[in-house]
Amino acid sequence: MRALLLDRIGAPDALRLGELETPEPAAGHVRVRIAACGLNPSDYQRAAYGVPEWTWPAVVGLDGAGVVDALGDGVSGFSVGQRVVFHADIRDRGALAEFAIADARVLTPIPDEVSWVEAAALPAAGLTAYCAIIQRLRVGPGDTVLVTGAAGGVGGYAVQLSRRQGARVIGTESAANAATARALGADEVIDFRSENIGTRVRELTGGRGVDAVLDTVGSASATENIQLLAFSGRIATIAGRPDISVVAPFGMAPSVHEVALGAAYFYGSDRDLAHIADMLGELLDLVARDELDPMVARVVPLEQAPTALGDLAERRLSGKCVVEIRPSGQ
């Protein structure tokens, strides 16, 4: 099979198109003929420092959509030829290839109304946003939510889900991406390059602060943003924990949540992995009903994936980029 191969840790331009043996599914797994693979920051990040369990050459790509091609022992509920999407284990060879192996516990059927590309855009970013907004922060009507990187993958889905829950959304973005954030549902957008986020949040909330924060930037940003919470507010982080010592104990009484989607493979149970499929099914249903924009901004063939990953690493992309993978000879 054709695959985008990584012979050693490195930047996206270290990836090369090559050939691998077509993998066979172990018990509890399926082989998927990949039609599309969504790109995420974790792809170039993993390429840069590797994963101890990798077999070289490695294949990155956590979000695969395609057709079930073969079933491993013990797999039930799926059939050969069925359209599916999955979020992969970072320790395995990924979906930037013509075939990939997926754990049947996370496999999710794709509704007829959803394309390969739309399905592949969802898993990592959409599931992370869902975990943060719906499960951890429990955003609801009347809440005001601060979402950093509101036009990005996780941020863009978080904005949409927050609005769908009836919340007021304040996003942070560059001026160039502000219109995109507003189109996704942000009520106000703060230009993080030219405006002080804390000052603007206080102005926009009459000094009260926000009920919830999703921080997609890092520890320093999360530490600043936890101080913008209203009484009993909630913050969820995906890129670094806040230093909670900046908040006086038994005062604001914040709750802090860390979202680590892929860690379910390391620390989770069967129930946790099955829950990934359930959440992804809900997101797919929203796309099928035109209630969630999958935010596909660019679609590229397999051979252009290294360039696309480089653009993602250099923050030259907003929304989602998806690699379309056609069988050899097509």
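Is R138 buried or exposed? Select R138: it counts as exposed, because its relative accessibility is 64%. Here buried means under 20% relative accessible area, exposed over 50%, and partly exposed in between, with a 1.4 Å probe and protein chains only. R138 also has a positive phi of about 50°, although it is not a glycine. R138 sits in the loop between α3 and β8 (144–148).

Two notes before moving on. This is a predicted model, in which local features need pLDDT of at least 70 and side-chain atom pairs count only at pLDDT 80 or more, while totals for chains, interfaces and linings use all residues. Residues are numbered from 1 along each chain as its sequence is written, and side-chain values use heavy atoms, with hydrogens and water left out.

**Stop 1**

Select 144–148, strand β8. Helices (H or I, at least four residues) and strands (E, at least two) are DSSP runs, numbered from the N terminus. Five of the five residues of β8 are buried, so the strand is largely enclosed by the rest of the structure. In a regular strand the side chains alternate between the two faces of the sheet. Colour T144, L146 and T148 for one side of β8, and V145 and V147 for the other; all are buried, and both faces are covered.

Two strands pair if DSSP finds at least two bridges between them. β8 and β9 run parallel, joined by five bridges. Pick T148: its bridge partner in β9 is T172. β8 also pairs in the parallel sense with strand β11 (residues 210–215), over three bridges. Pick V145 next; its bridge partner in β11 is A212.

**Stop 2: two crossovers**

Show helix α4 (residues 153–164) with β8 and β9: together they make a right-handed β-α-β unit. A crossover is right-handed if, with the strands pointing away from the viewer, the path from the first strand over the helix to the second runs clockwise.

Then follow β9 (residues 168–173) to β10 (residues 188–191), which pair in the parallel sense over four bridges. G171 stands opposite V189 in β10. The chain crosses from β9 through helix α5 (residues 178–184) to β10, and this β-α-β crossover is right-handed.

**Stop 3: the second largest pocket**

On a 1 Å grid over the protein atoms alone, a cavity is a set of points where a 1.4 Å probe fits but cannot get out; a pocket is an open set with protein on both sides within 12 Å along at least five of seven lines; lining residues have an atom within 4 Å of a point. Grid points are joined across faces, edges and corners, and a volume is the space filled by probe spheres set on the points.

The second largest pocket has a volume of about 300 Å³. Select C131, R136, A260, L261 and A264, the closest to its centre of the 15 lining residues. Elements that give two or more residues to this lining are α3 (123–136), α8 (264–267) and α9 (270–288). The largest share, four residues, comes from α9.

While on α9, pick A277, which is found in this helix. A277 is buried, with a relative accessible area of 11%.

**Stop 4: the cavity**

How many cavities of 30 Å³ or more are there? The count comes to one. The largest cavity holds about 70 Å³ of space. Its lining includes S42, D43, R46, W54 and D92.

Next, select W56 and P57. A cis peptide bond joins them, with omega about -5°. P57 lies in the loop between α1 (41–49) and β4 (63–71).

**Stop 5**

With a disulfide taken as a pair of cysteine sulfur atoms within 2.5 Å, the count is zero. Select C37: it is in no disulfide, and the nearest cysteine sulfur, that of C321, is 9.7 Å away. C37 counts as buried, at 0% relative accessibility. C321 is buried too, with a relative accessible area of 3%.

Finish at S232, in strand β12 (residues 229–237). Phi of S232 is near 65°, a positive value in a residue other than glycine. S232 counts as partly exposed, at 40% relative accessibility.
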